[in-house]
Amino acid sequence: MTKTTDIPYKIYLTEDEMPRSWYNVRADMPEKHDPMLNPATLEPATREELEKVFCSAVVEQELNQTDRYIEIPDGIRNFYKMYRPSPLVRAYCLEKALGTPAEIYYKFEGNNTSGSHKLNSAAAQAYYAKQEGLTSLTTETGAGQWGTALSMACAFFGLDLTVFMVKVSSEQKPHRREVMRTYGAKVIPSPSDTTECGRAILKAHPGTGGSLGCAISEAVEVAVSTPGCRYGLGSVLDHVLLHQSIIGCESKIALDKYGVHPDMIIGCAGGGSNLGGLISPFMGEKLRGERDYRFIAVEPVSCPSLTRGKYLYDFGDTGKITPLMKMYTLGCDFIPSANHAGGLRYHGMSAVISKLYHDGFIEARSVEQTSVFKAAEAFARTEGILPAPESSHAIRVAIDEALKCKETGEKKVILFGLTGTGYFDMTAYKKFNDGEMSDYVPTDEEIEKSVAQLEPYNK
């Protein structure tokens with residue numbers, strides 16, 4: 001067994017060690033999640049229906065529940081080599097500051113132009129779109145990482161891109177918008193008056209700051225009505241989690257090199273892509289009975305889909321255009337408060353993550369925004385990286401678990417996902433530093449009112 005002192009601060013893999021296949025966790029799930037439904041017929045959505053919205057290649061991946069490994073095309077793998085493999089870091093300085101016997105590791109996904117893990121799926125979706133002869137994509141973005149990632153990928157593969165950015169995030173992060181425009185993307189604050197869905201949402205919710213559900217509605221509307229165009233999604237769906245599995249696969253290879261086995265794996269949870277990607281290969285071992293792990297999903301108290309939502313069929317968007325998905329949800333009409341973790345402001349959760357949570361394979365916690373930024377501050381001061389607000393949810397719980405080890409004397413091994421950097425989130429950090437940040441907790445009545453409207457689709 002490798003001694004703790006033999007483990008470097010950063011574990012780097014070579015290009016040759018970078019995975020050549022994505023791992024499809026659905027192949028090892030004892031029970032698959034329920035299929036997407038056509039909202040008009042309440043019958044399973046067909047391949048043909050899905051291909052009106054998405055590229056054919058990702059639809060094939062979306063429907064593939066049997067192949068454990070899916071090869072990464074050379075065109076995508078060569079793109080990955082610009083910033084992958086990403087480092088796995090031993091948080092020695094944070095451990096020392098906490099005085100904990102726990103070993104803390106984090107997979108750092110922020111060392112690319114988007115500052116986040118989102119580029120892993122953006123590269124794949126843009127590559128497939130180009131291969132199919134498409135000329136453009138549309139998408140939504142919350143905090144801006146996904147929009148930035150897809151902007152870069154589309155520029156690289158020669159595609160036009162329209163991004164509907166959640167209005168409150170567009171206002172809070174104008175520089176993120178400018179990065180997207182620099183890569184050639186057209187950026188529209190959402191909800192907008194440029195689409196029927198946007199106009200309807202503005203009429204129903206005057207003055208709203210928007211949500212990911214709103215932005216998805218507008219992006220899908222434009223995609224299905226524009227020749228040569230499809231929609232690219234940054235989270236939630238199975239093919240996105242598949243692409244993000246490279247995070248977990250690299251993490252496992254790096255840890256295995258030093259004989260390290262995590263006791264718990266922690267990730268922030270908005271739509272589920274980061275969490276699903278990080279835990280996938282480890283979850284596969286758990287599902288196959290090869291090794292046991294604790295998996296912890298962390299979400300904001302202001303948008304608590306797992307911890308307070310219902311496991312129901314719901315639309316993936318506020319405008320009710322998308323197929324219905326069985327997931328933990330607060331209801332597609334739920335508009336989260338304008339908290340600063342823009343990438344976690346989504347009413348639902350990945351069908352894969354929802355099913356695994358429902359079946360008891362994943363734990364979930366919700367945390368307050370002010371507590372999250374205290375953890376971000378502690379991490380920045382010890383590890384030298386300013387973390388994204390989304391990532392800081394995972395940091396919060398990793399610190400909490402490490403402090404429990406300090407109390408009990410147990411030496412647990414903790415792995416969490418550092419999904420990206422927070423250098424475009426200075427408005428949020430300023431509010432925290434000025435003592436102007438507050439915590440919002442939705443009432444039971446708000447959630448119940450939103451969820452009640454799903455009854456017709458869940459009889």
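Which strand does β6 pair with in the parallel sense over three bridges? Strand β9 (residues 229-231) is the partner, and a few notes on that region and others follow.

1. Ground rules. This is a predicted model, in which local features need pLDDT of at least 70 and side-chain atom pairs count only at pLDDT 80 or more, while totals for chains, interfaces and linings use all residues. Residues are numbered from 1 along each chain as its sequence is written, and side-chain values use heavy atoms, with hydrogens and water left out.

2. Helices (H or I, at least four residues) and strands (E, at least two) are DSSP runs, numbered from the N terminus. Strands count as paired if DSSP finds at least two bridges between them. Towards β9, Ser136 has Cys229 as its bridge partner. Strand β7 (residues 160-166) is joined to β6 by six bridges and runs parallel to it; there, Leu137 is partnered by Leu161. Between β6 and β7 the chain passes through helix α6 (residues 145-157), a right-handed β-α-β crossover (with the strands pointing away from the viewer, the path from the first strand over the helix to the second runs clockwise).

3. Burial of β6. In a regular strand, side chains alternate between the two faces of the sheet. Here both faces are covered: Ser136, Thr138 and Glu140 on one side, and Leu137, Thr139 and Thr141 on the other, are all buried (under 20% relative accessible area; exposed is over 50%, partly exposed in between, with a 1.4 Å probe and protein chains only).

4. Ala27. You will find Ala27 in the loop between β2 (21-23) and α1 (47-50). Its relative accessible area is 22%, so Ala27 is partly exposed. Ala27 touches Lys32, Gln65, Thr66, Asp67 and Arg68, leaving aside residues up to four places away in sequence (contact means heavy atoms within 4.5 Å). The C-alpha atoms of Ala27 and Gln65 are separated by 5.3 Å, although the two are 38 residues apart along the chain.

5. The largest pocket. Its volume is about 300 Å³ (the space filled by probe spheres set on grid points joined across faces, edges and corners). On a 1 Å grid over the protein atoms alone, a pocket is an open set with protein on both sides within 12 Å along at least five of seven lines, a cavity is a set of points where a 1.4 Å probe fits but cannot get out, and lining residues have an atom within 4 Å of a point. Of the 20 lining residues, Leu50, Val53, Ile321, Thr322 and Pro323 are the closest to the centre.
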